[in-house]
Amino acid sequence: SKESGDMSKAPYNDVPPAISYDPHRNLLVWTLPRGAPSGSIDHRGDYKFESYPPNSPKAKKDQEDKVHFMAWASDNGGFVKAWDFSLVDALVHENAAAATSSPQPPPKFPPVAVMNLPLTQLSLSSSAVHVTTMTGLSHSSIPATTLACVCLSDDSTEVHIHAMPLPSLVVNAEDLGRPTPASITPLGGMKSPKNNSSTIPPKILYAKSIKYHAVPFASAVRKSYQIVNGIIRGSCVSGSALWPDTLAVATDQGVVMINLVEGDSWASKVDGSLLTCPRKVISQSDGEYKEDLTTIATPFVPSGPFHTIISGGLVGGVGNRAGALFVEGNAVYASRLGTSISSGNERRQFHIEKVTLPDPVLLCQLPYRKLPWTTIRTTQISTFIQSAKPIKLPPRLIPSPSGKYVCLFWQRDKKYEILHAGSLLVREQVHGSSNPSDSYQQGVSSSVDEGRHILSFAWVGDEDQFAILKEPRSLSNAGAGSSAMPDGRKGSMKSLFTTSNGDANNDVGCPDNNNTTSNCDVMDRPIVELKKIAEAEVDAVELAAGASIAAATTVSLGYITVRGSDCTSPTALFGGPALCIGCLPLADKLSHYKSRREEGVAYFYSRRLLAINENDDRASAYSTVGPCIPYPDHVCWDDSGKLCAIALGLRVAIYLSDRPKFTLLGSVNVMKQIKCGEHSSLISLKFIHNVLYCSTPSSVHCIFLGDVKNEATVCELDEFTIASNTVPVKGLDNPDYSMPVPIVASLSRPHVLSYHSGGLLVSTSSGLRFLPMSHPILRIGTLLAANLTEKARKWISASPNSEHDAIAHFLIRRGRPDLAINELKGLSMEAYIDLCIQYDRFEDLETLFNDNGSTLIHEICDWGRGDINGGYSAFFCICAYFLSRGKIECAKRLTRVSLSSDIDELRVDAMKLAAVIGALDKNDGKNLLEEIMDSMDEVSLVSTR
């Protein structure tokens, strides 16, 4: 700025910034050290402002704004400045489109937000900011529309997380009823400036930071460590935008690893195993030596994305097109999905596209969700804000199986709310309508049910029933308590990945007195309540008179008796055709040698056969079916209720449910190589058209199944990585037709929503993303799984002949050898013959030899000859195959054709075949043998001459 600072020096001569980049949100972040002058954040000098007459109200207001700015920036522990690159990209594209004959200087682009850090953070000098602070991280416990900074405390004994909102969440007092969703605009909330951007500057958001979380290093000082002076002091903080919830801190005692988040709540897990002097100590309980090192457990990530898709079914899309439902601030919005411009026949996938949600419609305001940020002063180039309370994460969206309802579940707040999607979309359809008769439909309340002190939520069956896991009454009555989260990640998975057949008709799950939780402890155990939704009849006359009616109501069906003993407690629900309830042992009942997750179990609960026949929906009609399974991370069913996927760590087991059988089809490890620091668990599973899609915190994968219907064959599973933040071992410049090259990009906790425009629509904490699936193998696999054989046949025929062997292998594992034999014209001869014999296509093989007999016999006469297993040639084996299928004439014809060859080995094979044919038909064998002898005599006579 021209008004502050020495003009003889560059603006950042004395305050060099530490620069970082956030790939999730496309943000460039600068961190300035403590005591940075106000000129380092003042961008008024970049623009020419209107001059006001002296002593005018506007001139006085401008002078007051300058004084406020100087006071706001005077006492600081440093500044954090963020540039939104999506705005920069839009500006560059716009200037490139408007080409001019004369060169134009590049426009100046100020940051979208500036955060004032407190004096309690450690930043001793301009060079210390590079090691004592870490910015550009998108933590999973706060929304992606916030700017966070990790720094050391002034005494170096704690790590602090400070944050402020980005402009999309900040609203003026007069705009509280119509907030602008961050999902439809860049983070700056501004449109790209035009050619007059140098005269009309965008607003810069200024805010004081709020401390969201603090992690003391003292939590690592336990009995298992011998710490000098009993104090640990940090000196350097390091992290990565790819794994924002894990930090490494260098201290005077060694290195500590910090896990900031568990689920969507803050955590303070400090791993001091890298400290200098870990020691084993004597346990106070039994006097035995036991190692008590603190380890970082993989966090439990709540299921459910931040967006959900509305398309088809009884609800229909938004405006007859597929739409997205999402929550921003304190409101629910709906928006149409446009058609993606993904590439069609490219062999490789190149990049991930950001999906914008244009023209969103405000559907309803959520109760108890106040906007946390408001403006207090607006100047010509800046906006100062104040905070009401820390901002919270948006809810996870869990649509019902019928698509009529959607559940909003706040994991951290332990509450849920169910909305009726149909009445929500009525508002979108009548939005802007001039017909007064349409307005009465808005009298239907979209809220169906809500509840607090809920640990888990799951939809059950396909009739809009749901189960909720209520907090123990002793805790909910006291207004305290937290959900029991798993804290281990090890354990045997042998029982999960072995075939088991359970009789679903037997009431094996009826718990007896020994397995049922005792009445005296019921207050200390979470309980599972079953509810169903009954849609209300809408009376147009009442609504026209101004009455308000709920779209649906809920009816309690009772409480499910959870199988288990006094030592276990239900902690998680997994929905589907059969309800799965996971139970973990109580803390005081744990074994000394196993973690809580290791000893956890889960049971499937379903209605008894008699209750199904009598349409009995009560919770008392539910009992366990099948054996217990290890405590899963996720359970997912397909739309038909036949396929069930169970995830434990990075391994997925897929079962076929066909009463009374529950058969294991196969299991696959999603990521075979795990880098140090990666979370070893999946965060989502979803079946789309018989293809299983799964995701880790930073990657998306698909699993293709084989022939599920044929019980006589093995169901082959093939896993492919669609997108990941790691570069594959083979690199990106060596494409393999049979193994698609994954997209290398940073994804922040992706959840697969739907298949859309030839790719996957993925919900991340930073918005919607589109993952193109343009590789032929992925396209062929998805089309075959969806039973779109004709479309898949076009992709197969268009593939190059050099890749037909690889495609044939893929088709065979999908249970489609007919396509491999009939459509792949470039198959090698050996592969084609093997397929015909393996799948008993003797007619195709006979046609092949009838058309090309003499040529093929010379080509295959040496295949397999001289092998240790008998030395039979391919020619002999093929003729023997024809004989086994009753094709004696074809075998005789091939044998006679071989006599015209001058290869002695073929004549030997012909004699062997004549002997076999003679065993089947004595006369034919005798005649064929005579022909062979005559042929050998002629050859002998020619050779003597």
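Strand S24 (residues 405-410) and strand S25 (residues 415-420) pair in the antiparallel sense over 6 bridges. Strands here are DSSP runs of E with at least two residues, helices are H or I runs of at least four residues, and both are numbered from the N terminus. Two strands count as paired if DSSP finds at least two bridges between them. Tyr405 stands opposite His420 in S25. S24 and S25 belong to an open sheet of 4 strands, ordered S23-S24-S25-S27, with antiparallel pairing. Its edges are strand S23 (396-399) and strand S27 (447-452), each of which pairs on one side only. The twist averages 15 degrees from one strand to the next. Axes for such angles are lines fitted to C-alpha atoms, for helices over the stretch in contact, and the angles run from 0 to 180 degrees between N-to-C directions.

The model is predicted: local features need pLDDT of at least 70, side-chain atom pairs count only at pLDDT 80 or more, and totals for chains, interfaces and linings use all residues. Residues are numbered from 1 along each chain as its sequence is written, and side-chain values use heavy atoms, with hydrogens and water left out.

The protein has 17 helices and 48 strands. Of its 945 residues, 51% are buried. Buried means under 20% relative accessible area, exposed means over 50%, and partly exposed lies in between (1.4 Å probe, protein chains only). Among contacts with a separation of 6 or more, 64% join residues 24 or more positions apart. A contact requires heavy atoms within 4.5 Å.

Strand S6 (residues 146-152) is largely enclosed by the rest of the structure, because 7 of its 7 residues are buried. Thr146, Ala148, Val150 and Leu152 point one way from S6; Leu147, Cys149 and Cys151 point the other way. S6 has antiparallel partners. Strand S5 (residues 133-135) pairs with S6 over 3 bridges, with Thr133 opposite Cys151. Strand S7 (residues 158-165) is joined to S6 by 7 bridges. Met164 in S7 is the bridge partner of Leu147. The hairpin of S6 and S7 has 5 residues between the strands, and Ser156 takes a positive phi near 65 degrees there.

Helix H9 (residues 789-798) buries Thr789, Ala792, Trp795 and Ile796. These buried residues fall within an arc of 120 degrees seen down the axis, so they line one face of the helix. The arc is taken from the directions between the helix axis and the C-beta atoms. On the other side, Glu790, Lys791, Lys794 and Ala798 are exposed. The buried residues of H9 pack against helix H8 (776-785), helix H10 (804-813) and helix H11 (817-823).

The whole structure contains 23 aromatic pairs. Rings of Phe, Tyr and Trp (its six-membered ring) pair if their centres lie within 6.5 Å; planes under 30 degrees apart are stacked, over 60 edge-to-face, and the rest tilted. Trp72 and Tyr206 pair edge-to-face, at 5.4 Å centre to centre and 75 degrees between the planes. Trp72 lies in helix H1 (residues 57-74) and Tyr206 in strand S8 (residues 204-208), 134 residues apart. Both Trp72 and Tyr206 are buried. Trp459 and Phe466 also pair edge-to-face, at 5.7 Å and 75 degrees. Trp459 and Phe466 are buried too. Ring pairs link Phe69, Trp72, Phe79, Tyr206 and Phe384 into a cluster.
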